[in-house]
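Trainee: I am new to this structure. Please take me closely through a single part, and then show me what surrounds it.

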Amino acid sequence: MNFAAIQRLPQHVQTQDRPIYLLIAVWVLSMISLPILRWTIGDVAIVWGVNLTTLLQMGSVLTVLWQAWGMTKTLRVALITIVMTWAVEATGVATGLPFGHYHYTDALQPQLLGVPILIAGAWLMMIPPSWAVARAITGKTSGLMFIVVSGLAMTAWDFFLDPQMVGWNLWTWDEVASFSYFGIPWINFVGWFVTAALVTWVTRPSELPVIPLLSIYGIVWVLQTIGQLVFWGLIGPAIVGFIAMGAFFGLALYRLRTANA
């Protein structure tokens, strides 16, 4: 990070960004605190922690977008993302498409048609950072390559997420083939890619604030890796997720560096 360049920014720009930094700091602190709280008060901390960290990360992402886009565009993109992802999740619970046959437990509440309301927020908190990855890699925010890379960058996160959430009994698979990803059917990842790509195609994001969103993607990558390796005992998903998300994050940083060289 070029701290000298930051110091040269106008004072009003730095002041405007302070709420973003503060919110991201609180979100990171809540992520770090989750395993400590679990040791202290037990598994009940997991549900509270998932709710809190999801809301804080979603708030951080929306604050970044709000400052870059303004209220109207941010609300439009957020509404489309929430409605589309909830509809896909509800379809998935009812039919098994596009993720495979699964259902949510009663742990996350409230629910609508068997889908926790929080789940749409989880999609919203990670799709814009995936857009930032795709923007950095492809150099644009439109076209087939941008949509494909956005979908893949989003799906890379699920190599961390699904095994962890299943292990915490937040959702479960009704049937799993012998050849699966740590108990997760492979069709699930196809569903993730298709869903993320469709949301990207419909919302058509532009003028993305790449650096703060890419930073959020990188923070998730680091914290998920450390959390699963050190605290949650998910060595396999930690390694795969580290490679998958890390490949996109690393390539995005490389392309940004070469573009600004």
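Mentor: Start at Ser-60, which is found in helix 3 (residues 44–69). Helices here are DSSP runs of H or I with at least four residues, strands are runs of E with at least two, and both are numbered from the N terminus. This is a predicted model, in which local features need pLDDT of at least 70 and side-chain atom pairs count only at pLDDT 80 or more, while totals for chains, interfaces and linings use all residues. Residues are numbered from 1 along each chain as its sequence is written, and side-chain values use heavy atoms, with hydrogens and water left out.

Is Ser-60 buried or exposed? Ser-60 has a relative accessible area of 1%, so it is buried. The cut-offs are under 20% for buried, over 50% for exposed, and partly exposed in between, with a 1.4 Å probe and protein chains only. Which residues does Ser-60 touch? Leaving out residues up to four places away in sequence, Ser-60 touches Leu-23, Ile-24, Trp-27 and Ile-216. Contact means heavy atoms within 4.5 Å.

Now another residue of the helix. Leu-52 also lies in helix 3. Leu-52 is partly exposed, at 45% relative accessible area. Its C-alpha atom is separated by 28 Å from that of Pro-185, 133 residues apart along the chain.

Go back to Ile-216, one of the residues that Ser-60 touches. The axes of helix 5 and helix 8 come within 8 Å and cross at roughly 110 degrees. Axes are lines fitted to C-alpha atoms, for helices over the stretch in contact, and angles run from 0 to 180 degrees between N-to-C directions. Helix 5 and helix 8 are therefore roughly perpendicular. Angles under 35 degrees count as roughly parallel, over 145 as roughly antiparallel, 65 to 115 as roughly perpendicular, and the rest as oblique. The crossing of helix 5 and helix 8 is left-handed. That term applies if the near helix is turned anticlockwise from the far one by less than a right angle, and right-handed applies if clockwise.

By class, the contact of helix 5 with helix 8 has twelve nonpolar, one polar and one charged residues. Ala, Val, Leu, Ile, Met, Phe, Trp, Tyr, Cys and Pro count as nonpolar, Asp, Glu, Lys and Arg as charged, and the others, Gly among them, as polar.

Helix 5 has another partner. Helix 5 (residues 117–138) packs with helix 6 (residues 144–167) at about 130 degrees, with axes 8 Å apart. That makes helix 5 oblique to helix 6. Their crossing is right-handed. From helix 5, the contact residues include Ala-122, Trp-123, Met-126, Ser-130, Val-133 and Arg-135. From helix 6, they include Met-145, Phe-146, Val-149, Ala-153 and Trp-157. This contact divides into 15 nonpolar, three polar and one charged.

Now the loops. Most residues other than glycine have a negative phi, and most peptide bonds are trans. Glu-207 has a phi near 50 degrees, a positive value in a residue other than glycine. Glu-207 is found in the loop between helix 7 and helix 8 (210–231). At 66% relative accessible area, Glu-207 is exposed. Phe-182 also has a positive phi, about 50 degrees. Phe-182 lies in the loop between strand 4 (171–173) and helix 7 (187–203). Its relative accessibility of 49% makes Phe-182 partly exposed. The peptide bond from Leu-97 to Pro-98 is cis, with omega near 10 degrees. Pro-98 sits in the loop between helix 4 (71–95) and strand 1 (102–104). The bond from Gln-109 to Pro-110 is cis, with omega near 0 degrees.

Last, the whole chain. The protein chain has nine helices and four strands. Of its 261 residues, 47% count as buried.
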